[in-house]
Amino acid sequence: MVIKVYIASSTGSIAIKKHQQAMVGFLEANRISFQEVDITMLEEQRQWMYRNIPKDKQPEKGNPLPPQIFNDDHYCGDYEDFFQSKEDNTVFAFLGLSAQPSVKDSES
């Protein structure tokens, strides 16, 4: 299983930049392995992200905005969903991961 965070490296939106930084920072701080996928560099990746976000999570107008998070091909959610899972202390379930990696495991 690979956690993929779809981001936009070149965006004029400060809110998007902050949301991306918050999501990536949390994953790094909690030693959750993930890949960043930059949708501004590869049109194919952007289109894949758009196609794989469930219809009920699509905005009424326009395209879904980054950051979006997937576990392999399974859609986990957007920044709001991620933030709520942090508040509820359910990030590992939200990401479809079984358990938090222990410090001992990551040091060996």
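## Close-up views of a predicted model

**View 1. Helix α2 and its buried residues.** Trp48, Met49 and Tyr50 are the buried residues of helix α2, which spans residues 43–52. The model shown here and in the other views is predicted. Among the elements that cover the buried residues of α2 are β1 and β3.

**View 2. Strand β1 and its parallel partner.** Strand β1 covers residues 3–7. Most of the strand is covered, with four of its five residues buried. Strand β2, residues 34–38, runs parallel to β1, and five bridges join the two. Lysine 4 has glutamine 35 in β2 as its bridge partner. Between β1 and β2 the chain passes through helix α1, residues 14–29. This β-α-β crossover is right-handed.

**View 3. Strand β1 and its antiparallel partner.** Strand β3 takes in residues 68–71. It runs antiparallel to β1, and four bridges join the pair. Look for isoleucine 3: opposite it in β3 stands asparagine 71.

**View 4. The two sides of helix α1.** Helix α1 has 16 residues. From its first C-alpha to its last it reaches 22 Å, close to the 22 Å expected at 1.5 Å a residue. Which residues of α1 are buried? They are Ile16, Gln20, Met23, Val24 and Leu27. These residues lie on the same side of α1, because they cover an arc of only 90° around the axis. The other side of the helix holds the exposed residues Ile14, Lys18, Gln21 and Ala29.

**View 5. What packs against helix α1.** The buried residues of α1 pack against several elements. Strands β1, β2 and β3 are among them. So are β4, residues 74–78, and α3, residues 79–87.

View 6. Seven aromatic pairs occur in the structure. In one of them, tyrosine 6 meets phenylalanine 70, with ring centres 5.2 Å apart. The ring planes stand at 70°, over the 60 degrees required, so this pair is edge-to-face. Tyrosine 6 belongs to strand β1 and phenylalanine 70 to strand β3, so the pair ties together parts that are 64 residues apart in sequence. Both tyrosine 6 and phenylalanine 70 are buried.

**View 7. Phenylalanine 70 and tyrosine 75.** Phenylalanine 70 also forms an aromatic pair with tyrosine 75. This pair is edge-to-face, at 5.2 Å centre to centre and 70° between the planes. Are these two residues buried or exposed? Phenylalanine 70 has 0% relative accessibility, so it counts as buried. Tyrosine 75 has 11%, which is under the 20% limit, so it counts as buried too. Ring pairs link Tyr6, Trp48, Phe70 and Tyr75 into a cluster.

**View 8. Aspartate 72 in its loop.** Where does aspartate 72 lie? It sits in the loop between β3 and β4. Its relative accessibility is 31%, so aspartate 72 counts as partly exposed. Methionine 1 is 71 residues away from aspartate 72 in sequence. In space the two are 5.8 Å apart, C-alpha to C-alpha. Leaving aside residues up to four places away in sequence, aspartate 72 touches Met1, Val2, Lys4 and Trp48.

Definitions and conventions
Residues are numbered from 1 along each chain as its sequence is written. This is a predicted model: local features need pLDDT of at least 70, side-chain atom pairs count only at pLDDT 80 or more; totals for chains, interfaces and linings use all residues. Side-chain values use heavy atoms; hydrogens and water are left out. Buried means under 20% relative accessible area, exposed over 50%, partly exposed in between (1.4 Å probe, protein chains only). Two strands pair if DSSP finds at least two bridges between them. A crossover is right-handed if, with the strands pointing away from the viewer, the path from the first strand over the helix to the second runs clockwise. Rings of Phe, Tyr and Trp (its six-membered ring) pair if their centres lie within 6.5 Å; planes under 30 degrees apart count as stacked, over 60 as edge-to-face and the rest as tilted. The expected span of a helix is 1.5 Å times one less than its number of residues. The arc is that of the directions from the helix axis to the C-beta atoms. Contact means heavy atoms within 4.5 Å.
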